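Hello,

Here is the structure I promised to pass on. Please have a look; my notes follow below it.

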Amino acid sequence: MIKVEGLTKRYARTVAVDNISFEIEKGQIVGFLGPNGAGKTTTMRVLTCFLPPSAGTASVAGYDVLENPMEVKKRIGYLPETPPLYPEMDVAGYLDFAGRLKGISSADIAKRADEVMEKCALGDVRYKLISKLSKGYRQRVGLAQAIIHNPDVLILDEPTSGLDPKQIIEIRELLKHLAGEHTIILSTHILSEVEHSCERVIIISQGKLVATDSVANLTNRLRGSESVAVEIEAPGGHPASAEVQQRLEQVSGVSRVVSKDPKDGRMSFEVESLQGRQIRSDLARSVVNAGWNLSELRPVGLSLEEIFLQLTAAEAKAGKKTDKKKDEQPEAPKQ
Amino acid sequence: MKNILLICRKEVNSYFVSPIAYLLMAFFGLIFGVGFYTATRQLMQYSFQMQMQGGGPSMNVNEQIIRPLLGFASTIALFLVPMITMRLFAEEKKTGTIELLLTSPVRDLDIVVGKWAGAMVLYLCVLGMSVLDVALLFAWGKPDWKPVLVAYLGLILQGGVLLAVGAFISTTTKNQIIAGGVTFFVCLLLWLLSWFTEFNSGAFSSVVNYLSIVTHFDNFAKGVLDSKDVVFYLSFIFFGLFLTSRSMESLRWRS
């Protein structure tokens, strides 16, 4: 449905998007993930024909964004980060305008407007001025505007930013309802958002594509390792922190032990396991056998945030490595 | 065409839900009314004197009231236009609604022409306030209607030019105040061009004089419908709208 190849977008001095390629199948919900300033909005703007690409191509339903922008625009519903609302209009009037702008005929417009107002639960505020609406309602009006012409592709730029938890849940529900009929791309920098509503995720960082995979795969792949918080009582500075750390590191399956500041006569550590290893019982046995008092042993789930950081960090490292290789190539092989 | 009408209607609505349309109409109606009162009073005094003394040149409502008044109106228009056009694009750029327009299946030129037409409708409404006063002259006097019509045509065309210039300037900034200020300055400059050339001669000054919109209005005010002036205004409007749509297109490349 959406095909992006070698997409690059340069602004005057910066490269916002750098050689990104991906494909999105019809009917998928895809999360577009990245920290602020990663190039999410820019990519979306290229897909909606708001900005032209500097290099590479992007096409929607087989139509190129540069060659056939009208056909692309007809097939896309777009909700920018700030919903494009006219504060002086009422909700019904605004949807009427937006619908006609997107080419809905006068005969159908009233029916379509009613349908989307029902879908987005806007019936109550139908005749209210948009300037009087709360943020959550505005977001929903923005969404209604994006789906009014029943587009094949929905592009939503941070649809839940700035909403309260209840409103976030409402928007998520709404997206789930829409999922069957439309291909949806939503951008966000909140990872739980992706876990909740997306099937696939595309991660970009600093304008580069970092990973693209299904959400389940990604979490499985990176959640193979376990992280455990360990607290040990140490009245009067005994046992010594270094000693404990050493012992914990010797437990089989442990990859890393991080010592944290002692508090109220307790030492605490965060222990990470190797891929696919269960270490909690071994840890407990090891501590008890040494004669120390174990006061807490708690699994810490790797959040998507950490996964994301790992991924982007790994990417940076990999980049460095290849650079090094390049540097070393001209030299004679040492090994 | 459908899209032009749609955008035009939207612009007109947004003018008339805010106080700006009513303010401009009231402001213009008041100033024009004061001008009308003064001119009429002068004419009456003058003709009264003529009656007492006898003789003198014959009185003419067209020459003595309508022509200077509509000339006056064309000057006031210079001040009104920035207030009409400053929000056209600057506001949409600021609030981000421009993204809705530019990502909808509508041609850039349709957006530009629609917006300009919306501004034109408001301008016509403002100008319409003067018809109230002029109608009084027709009710109680016998002015010649043809030169009046020509003068109004001139006012409309001149307004179209200034609105196109204002629309162009509005695309260049996000800030309405800047858009309004620059438009006002440019309108003033176009007005002053004719003064500048008054004491100069030569090719340069005749080119400048030709560019002055006020010079071209003079003929309309006299009741002379010259195709040269009409062509000047129309081509200026086309040029302005063309520049505006180019400038809007460049938003995509620059932003």
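Two residues are in contact if their C-beta atoms, placed from the backbone, lie within 7 Å. Keep that in mind for what follows. Note also that this is a predicted model.

Chain B first. Of its contacts with a separation of 6 or more, 82% join residues 24 or more positions apart. The chain has 11 helices and zero strands. Its C-alpha trace spans about 70 × 45 × 30 Å along the principal axes. Buried residues make up 37% of the 255 residues.

Next, one helix pair in chain B. Helix α6(B) covers residues 108–140, and helix α7(B) covers residues 145–171. Their axes come within 10 Å and cross at roughly 145°. The crossing is right-handed. On the α6(B) side, the residues that meet α7(B) include Trp116(B), Met120(B), Tyr123(B) and Leu127(B). Among their counterparts in α7(B) are Leu155(B), Gly159(B), Gly160(B) and Leu163(B). The residues of this contact divide into 12 nonpolar, two polar and one charged.

Arg247(A) sits in helix α9, which runs over residues 241–250. Leaving out residues up to four places away in sequence, Arg247(A) touches Ser286(A) and Ala290(A). Val287(A) is 40 residues from Arg247(A) in sequence, yet the two are 8.1 Å apart in space, C-alpha to C-alpha.

Best wishes

Notes:
Residues are numbered from 1 along each chain as its sequence is written. Chains are lettered from A and ligands numbered from 1 in the order in which they are written. This is a predicted model: local features need pLDDT of at least 70, side-chain atom pairs count only at pLDDT 80 or more; totals for chains, interfaces and linings use all residues. Helices (H or I, at least four residues) and strands (E, at least two) are DSSP runs, numbered from the N terminus. A residue is buried if 20 or more other C-beta atoms lie within 10 Å of its own, exposed if 12 or fewer, and partly exposed in between; C-beta atoms are placed from the backbone. Axes are lines fitted to C-alpha atoms, for helices over the stretch in contact, and angles run from 0 to 180 degrees between N-to-C directions. A crossing is left-handed if the near helix is turned anticlockwise from the far one by less than a right angle, and right-handed if clockwise. Ala, Val, Leu, Ile, Met, Phe, Trp, Tyr, Cys and Pro count as nonpolar, Asp, Glu, Lys and Arg as charged, and the others, Gly among them, as polar.
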